[in-house]
Amino acid sequence: MDERTLHIRKAADYIRSIIGDRTPEVGIILGSGLGKLGDSIENPTVIPYRDIPDFPVSTAIGHKGNFIIGTISGHTVIAMQGRFHFYEGYPMDKVTIAVRTMKCLGAEYLFVSNAAGTCNPDFHTGDLMVIRDHINMMNNPLIGPNFNDFGPRFLDMTCAYDADMRQLAFDCASDMGLTLREGVYLAGTGPTYETPSEVRFYRLIGADALGMSTVPEVIVARHCGMKVFGVSVITNECNFDSGSSEFNDGDDVVKKADKAAATLSGLFQNIISRLPQNGSRG
Ligand code: HPA
């Protein structure tokens with residue numbers, strides 16, 4: 001077996017040895033400042049990444065570094081409280097290791113969240129944006145020998161973000177009296193924020209939200225056949241103007257995301273409650 005696959009299976013075996021026969025249907029990645037969303041998980045078992053053999057640990061601000069396994073509205077979920085970023089220096093197979101681990105444990109859905117800046121002048125700080133599509137300005141995590149145990153060499157990315165799940169999100173939001181945006185997420189490597197010229201360029205090529213994560217995990221989730229649903233929490237409005245006095249600040253991004261965590265948590269809970277039991281969609 002591929003050595004990379006061995007690492008993934010070892011991590012999954014370790015988690016299984018703790019959670020027993022509970023099979024997570026839904027994997028959730030909680031982005032910067034959104035870790036609190038883990039509090040809505042019932043009967044939680046917390047597994048720190050540092051306890052898992054050969055697993056990376058997250059070093060980014062606002063990222064705790066735990067898996068939380070439990071239930072939301074009767075569905076077994078596995079949530080990542082903190083993710084691994086390319087800018088932390090991890091190779092792409094480590095950035096995405098948790099997605100393949102969650103798939104090995106049985107997850108058929110991936111819910112991703114992130115904190116992002118917006119370059120769409122109609123979007124504002126505090127908005128929640130359902131990700132319709134993405135633009136990848138990072139490395140591609142599938143470069144290198146293909147993980148044949150998980151998926152194909154050449155992966156179609158036409159419908160990366162599941163259309164039914166997006167519709168379900170808008171139905172839930174309408175019941176909750178919540179306004180959602182929808183748009184395109186662009187991922188750069190970071191850790192620098194964008195220059196005003198980059199912001200203008202990214203807007204020109206169709207981006208609405210700018211961030212430093214999510215795309216690698218989504219590509220890997222699609223590679224192994226998971227259905228993906230993603231939301232960006234808009235934490236700042238990007239600077240189009242070099243004279244701006246509104247500079248970007250990582251701590252402020254985490255604070256803004258923290259404020260949105262309860263709303264996002266409610267939305268995720270509502271969507272998960274309406275998923276068919278046992279992962280098969282009716
Ligand atoms: N740019 C990139 N990543 C981000 C931003 C941003 O403006 N805000 C939060 N994450």
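## Burial and overall form

Of the protein's 282 residues, 56% count as buried, where burial denotes under 20% relative accessible area. The structure described here is a predicted model. Its secondary structure consists of 7 helices and 9 strands.

The radius of gyration of the protein is 18 Å, in agreement with the value near 19 Å that a compact globule of 282 residues would have. Along the principal axes, the C-alpha atoms occupy a box of roughly 55 × 45 × 35 Å.

Considering contacts between residues at least 6 apart in sequence, 83% link residues at least 24 apart.

Strand β9 spans residues 227-237. Because 9 of its 11 residues are buried, strand β9 is largely enclosed by the rest of the structure.

Which strands pair with β9, and in what sense? Strand β5, residues 109-118, pairs with β9 in the parallel sense over 10 bridges. Strand β6, residues 128-136, pairs with β9 in the antiparallel sense over 3 bridges.

Individual residues show how these pairings meet. S113 has V231 of β9 as its bridge partner, and V231 is also the bridge partner of V130.

Methods
Residues numbered from 1 in each chain as written. Predicted model: local features only at pLDDT ≥ 70, side-chain atom pairs only at ≥ 80, totals over all residues. Heavy atoms only, no water. Helix = DSSP H or I, 4+ residues; strand = E, 2+ residues; numbered from the N terminus. Rg over C-alpha atoms; globule rule 2.2 N^0.38 Å. Buried < 20%, exposed > 50% of the residue type's maximum accessible area, 1.4 Å probe, protein only. Contact = heavy atoms within 4.5 Å. Pairing = 2+ DSSP bridges.
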